[in-house]
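Colleague: I am new to this one. Could you take me through it?

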Amino acid sequence: MTSILVVLGEAAVQLLAVAAPRSEPLWPQTRAQITADAGRRGGSAEDAEGPFGTELRVLVPVDMPDGGKGVQPSRMVGIDGPRWLLRATFLGQAA
């Protein structure tokens with residue numbers, strides 16, 4: 001896997017590229033794994049239709065710098081290609 005994080009002010013996007021099987025799309029399986037992980041962490045994730053197809057809207061609990069508790073929202077988009085998956089995770093104002 002190869003990734004890059006781009007930050008502009010209060011917005012960020014992480015792009016992650018992974019190899020995928022030729023036989024079936026990887027994004028549906030990846031969404032299910034992310035949803036399960038968010039639940040284990042005390043958060044939630046739900047499918048929603050967005051400009052790039054089915055995306056995942058995720059909320060996970062985080063510890064804030066002041067010691068308090070908060071929630072980190074993110075939006076994830078997956079684009080399946082021939083033998084690859086590009087996943088974009090939008091954070092901050094971009095979410």
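Colleague: Where is Arg 83 found?

Modeller: Arg 83 is in the loop between β5 (69-81) and β6 (84-92). Keep in mind that this is a predicted model. Phi of Arg 83 is near 75°, a positive value in a residue other than glycine.

Colleague: Why does Arg 83 count as partly exposed?

Modeller: Its relative accessibility is 49%. Buried means under 20% and exposed means over 50%. The value for Arg 83 falls in between, so Arg 83 counts as partly exposed.

Colleague: What about Glu 55: why is that residue called buried?

Modeller: Glu 55 has 1% relative accessibility. The cut-off for buried is under 20%, so Glu 55 counts as buried. Glu 55 is found in strand β4. Leaving out residues up to four places away in sequence, Glu 55 touches Trp 27, Glu 46, Asp 47, Ala 48, Gly 50, Arg 75, Met 76 and Val 77.

Colleague: What makes up the largest nonpolar core?

Modeller: Eleven residues, among them Ala 20, Trp 27, Ala 38, Val 58 and Leu 85. Such a set needs buried residues joined through side-chain atoms within 4.5 Å. In soluble globular proteins, nonpolar side chains tend to be buried together.

Colleague: Which residues is Ala 38 in contact with, leaving aside neighbours within four places in sequence?

Modeller: Gly 43, Ser 44, Ala 45, Val 58 and Val 60.

Colleague: How do the elements of the protein chain run from the N terminus on?

Modeller: The order is β-β-α-β-β-β-β. That is one helix and six strands. Of the 95 residues, 28% count as buried.

How values were computed: Residues are numbered from 1 along each chain as its sequence is written. This is a predicted model: local features need pLDDT of at least 70, side-chain atom pairs count only at pLDDT 80 or more; totals for chains, interfaces and linings use all residues. Side-chain values use heavy atoms; hydrogens and water are left out. Buried means under 20% relative accessible area, exposed over 50%, partly exposed in between (1.4 Å probe, protein chains only). Contact means heavy atoms within 4.5 Å. Helices (H or I, at least four residues) and strands (E, at least two) are DSSP runs, numbered from the N terminus.
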